[in-house]
Amino acid sequence: MTSYGSSPAASSGSRTNGLAIASLCCGIVGLFFLNVVLGPLAIILGAVAHRQAGAKGGAGMAKAGIILGIVSVVLWLVLLAVAASSGGFSWYVGG
């Protein structure tokens, strides 16, 4: 019998690894903002979560975070190469 106010689903013990979730979120956000920071962070968090996947679950999210982190870093490198080949970055200020 469950106590008042608690659901049986909440006490099942089936929890996903928090590092896998963080890796996936960093990978997704890293595709659009702060590629150079969030991409490597997604790769590192995904690798640690993948090692812990046997005990805590979340192997799929960890792999997705690693892949999105790699795509984010490659995208940043491509954009950096395009900017360098077109004369670099320049700021236009008035007149």
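Visitor: Where is Asn 17 placed?
Guide: In this predicted model, Asn 17 sits in the segment before α1, which covers 18–30.

Visitor: Why is Asn 17 called buried?
Guide: Buried means under 20% relative accessible area. Asn 17 has 3% relative accessibility, so Asn 17 counts as buried.

Visitor: Which residues does Asn 17 touch, not counting residues up to four places away in sequence?
Guide: Asn 17 touches Ala 49, Gln 52, Lys 56 and Gly 57.

Visitor: What makes the pair of Asn 17 and Gln 52 a polar contact?
Guide: The cut-off for a pair of N or O atoms is within 3.5 Å. The side chains of Asn 17 and Gln 52 make their polar contact at 3.2 Å.

Visitor: What does Asn 17 do at the N-terminal end of α1?
Guide: Asn 17 caps that end: one of its side-chain oxygens lies 3.2 Å from the backbone nitrogen of Leu 19.

Visitor: How do you know that the span of α1 agrees with what its residues should give?
Guide: The expected span is 1.5 Å times one less than the number of residues. For the 13 residues of α1 that should be 18 Å, and the end C-alpha atoms are 18 Å apart, so the two agree.

Visitor: Which residues of α1 are buried?
Guide: They are Ala 20, Ser 23, Cys 26, Gly 27 and Gly 30.

Visitor: Why are the buried residues of α1 said to line one face of the helix?
Guide: Viewed down the axis of α1, they fall within an arc of 130 degrees, so they line one face. An α-helix has 3.6 residues a turn, so residues three or four places apart point the same way. The cover over the buried residues of α1 includes α2 (35–51) and α4 (59–85).

Visitor: Are Cys 25 and Cys 26 buried or partly exposed?
Guide: Cys 25, at 43% relative accessibility, counts as partly exposed, while Cys 26, at 14%, counts as buried. Buried is under 20% and exposed over 50%, with partly exposed in between.

Visitor: What makes Leu 77 partly exposed?
Guide: Leu 77, found in helix α4, has 45% relative accessibility and therefore counts as partly exposed.

Visitor: How many residues separate Leu 77 and Asn 35 in sequence?
Guide: They are 42 residues apart in sequence and 9.4 Å apart in space, C-alpha to C-alpha.

Conventions. Residues are numbered from 1 along each chain as its sequence is written. This is a predicted model: local features need pLDDT of at least 70, side-chain atom pairs count only at pLDDT 80 or more; totals for chains, interfaces and linings use all residues. Side-chain values use heavy atoms; hydrogens and water are left out. Helices (H or I, at least four residues) and strands (E, at least two) are DSSP runs, numbered from the N terminus. Buried means under 20% relative accessible area, exposed over 50%, partly exposed in between (1.4 Å probe, protein chains only). A polar contact is a pair of N or O atoms within 3.5 Å; within protein, one must be able to donate a hydrogen and the other to accept it, and residues adjacent in sequence count only if both atoms are side-chain atoms. Contact means heavy atoms within 4.5 Å. The arc is that of the directions from the helix axis to the C-beta atoms.
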